[in-house]
Amino acid sequence: MNRTYVLSEQVRRHGLDRLLSADLSAALRPVRHSAGELVLRAGDPVRDLLFLVEGNVKVFATMENGHNLLAAFCRPFEVFGEMELFSLPRTTLNVEAVGETLCLALPLSRLRAAEDRNGRLFRFLCGRLGTKLASRITTASINLRYPVENRLASYLLASTDPGELAGGTDDLGEIADFIGTSYRQLARVVKRFREAGILSRTRGKIQVADRSRLVPLARDLYVQDGLSR
């Protein structure tokens, strides 16, 4: 399948042809990332508006002490770079591919030059900013309101596909950072899940052995669904 077909198909599928002027649609380019690769790195200059059209990503902040704090897992159709477009010169959060992902990148220089012809796009971006703000407030409160069992279940379901090992989840300290708990608390919950047959370990990595028992615990706490167009 050639690049031009993939691009045009994704543009139609997600309604970008109705959201963008013709010149901006023509300026889109596909960008692929593999599991574990950073789609965006906090602190890097902002050059593109990114539309996530395939795959899932993990969004997180890295604190001054080196610890990571989970913001959300995002699914298509999602946008990154709209906050920086309006007010900031550098990326504020890390965005990491959970599996194979495809984004459509729109250069900000082209977007700014076509502001007067893209009112629908800017209204859409403003709406996404409001939705993301509400989501971030909810995520921040999750670590206060929900037990570690719920947070871990949500993290594991969002970061794995059925039957696959969770990338990077051999490091319990990293997971503890992301979901806002201590290593000791997390280790106790992991031990209970393993004894109950919900989790197993393969080559030192945590594997979800019974997803059906995680689903009622998870409730999609950390998942931020994108919008269909």
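**Aromatic pairs and their surroundings**

Mentor: The protein chain exposes about 11,400 Å² of surface, of which carbon and sulfur atoms supply 51% (Shrake-Rupley method, 1.4 Å probe; for residues, only the protein chains shown count as cover). This is a predicted model, in which local features need pLDDT of at least 70 and side-chain atom pairs count only at pLDDT 80 or more, whereas totals for chains, interfaces and linings use all residues. Residues are numbered from 1 along each chain as its sequence is written, and side-chain values use heavy atoms, with hydrogens and water left out.

The protein chain has ten helices and eleven strands (DSSP runs numbered from the N terminus: H or I of at least four residues for helices, E of at least two for strands). Of its 229 residues, 46% count as buried (under 20% relative accessible area, with exposed over 50% and partly exposed in between; 1.4 Å probe, protein chains only). Among contacts with a separation of 6 or more, 76% join residues 24 or more positions apart (contact: heavy atoms within 4.5 Å).

Turning to the rings, the structure holds five aromatic pairs (ring centres of Phe, Tyr or Trp, the last by its six-membered ring, within 6.5 Å; planes under 30 degrees apart are stacked, over 60 edge-to-face, the rest tilted). One of them is the stacked pair of phenylalanine 51 and phenylalanine 77, at 5.7 Å centre to centre with 5 degrees between the planes. Phenylalanine 51 belongs to strand 3 (residues 48–54) and phenylalanine 77 to the loop between strand 5 (68–74) and strand 6 (78–80), so this pair ties together parts 26 residues apart in sequence. Phenylalanine 51 is buried at a relative accessible area of 0%, and phenylalanine 77 is buried at 2%.

Tyrosine 155 and phenylalanine 178 also form a pair: the ring centres are 5.9 Å apart and the planes meet at 25 degrees, so this pair is stacked. Here the link runs from tyrosine 155 in helix 7 (residues 148–159) to phenylalanine 178 in helix 8 (residues 172–179), 23 residues apart. Together with Phe60 and Phe73, Tyr155 and Phe178 form one aromatic cluster.

Asparagine 68 is 110 residues from phenylalanine 178 in sequence, yet their C-alpha atoms are 5.6 Å apart. Beyond four places in sequence, phenylalanine 178 touches Lys58, Phe60, Asn68, Leu69, Leu70 and Tyr155.

Lysine 58 meets both members of this second pair. Located in strand 4 (residues 57–62), lysine 58 is buried at 6% relative accessibility. Its contacts beyond four places in sequence include Phe73, Glu96, Tyr155 and Phe178. With tyrosine 155, the lysine 58 side chain makes a side-chain polar contact of 3.2 Å (N or O atoms within 3.5 Å; within protein, one able to donate a hydrogen and the other to accept it, and sequence-adjacent residues count only if both atoms are side-chain atoms).

In the largest nonpolar core, of 30 residues, Leu152, Ile179 and Leu186 touch the most other members (buried Ala, Val, Leu, Ile, Met, Phe, Trp, Tyr and Cys joined through side-chain atoms within 4.5 Å). Elements that each supply at least two residues to this core include strand 5, helix 7 and helix 8, and helix 7 gives the most, with seven residues. A second, separate core of 25 residues includes Leu7, Leu104, Leu108 and Phe124.
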